[in-house]
Amino acid sequence: MGVIAWLVLGLLAGVVAKAILPGRDPGGLIGTTVIGVAGAFLGGWLSSQFLDRPVQRELFDAATWGSAIVGALVLLIAYRVLFGNSRN
């Protein structure tokens, strides 16, 4: 995947993760994209290490999207645990 595809995947994975875990998280569009891209890397690593299923390098692969969203969710939860829940 190219850089643009990673940014699109990251943005959409971050948006889905924030929709699943709503709250006031800082960062806006750029923060959401960073969380999504980092989540995609984390999700791909978790998938290959613990599920013994490496993620394909295709944008339209369901496992790629699933691992990116799960990785972004893990990062959002870790952020809220470390820095507090900002839902108030």
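## Crossing of α1 and α3

Helix α1 (residues 3-20) and helix α3 (residues 62-83) have axes that come within 8 Å of each other and cross at roughly 55°. This angle makes α1 oblique to α3. The crossing of the two helices is right-handed. The structure described here is a predicted model.

## Residues at the contact

On the α1 side, the contact is formed by Leu9, Leu12, Ala13, Val16, Ala17, Lys18 and Ile20. Their counterparts in α3 are Thr64, Trp65, Ala68, Ile69, Ala72, Leu73 and Leu76. By class, the residues of this contact divide into 12 nonpolar, 1 polar and 1 charged.

## Leu73

Leu73 lies in helix α3. With a relative accessible area of 17%, Leu73 falls under the 20% limit and therefore counts as buried.

When neighbours within four places in sequence are left aside, Leu73 is in contact with Ala17, Ile20 and Leu21.

## The chain as a whole

The chain contains 3 helices and 0 strands, and its pattern along the sequence is α-α-α. Among contacts in the chain with a separation of 6 or more, 69% are between residues 24 or more positions apart.

Of the 88 residues of the chain, 34% count as buried. The chain exposes about 5500 Å², and carbon and sulfur atoms supply 71% of that area.

Methods
Residues numbered from 1 in each chain as written. Predicted model: local features only at pLDDT ≥ 70, side-chain atom pairs only at ≥ 80, totals over all residues. Heavy atoms only, no water. Axes fitted to C-alpha atoms, helices over the stretch in contact; angles between N-to-C directions. Helix = DSSP H or I, 4+ residues; strand = E, 2+ residues; numbered from the N terminus. Parallel < 35°, antiparallel > 145°, perpendicular 65-115°, else oblique. Left-handed = near helix turned anticlockwise from the far one by under 90°. Contact = heavy atoms within 4.5 Å. Nonpolar A, V, L, I, M, F, W, Y, C, P; charged D, E, K, R; others polar. Buried < 20%, exposed > 50% of the residue type's maximum accessible area, 1.4 Å probe, protein only. Areas by Shrake-Rupley, 256 points an atom, 1.4 Å probe, with all protein chains shown as cover.
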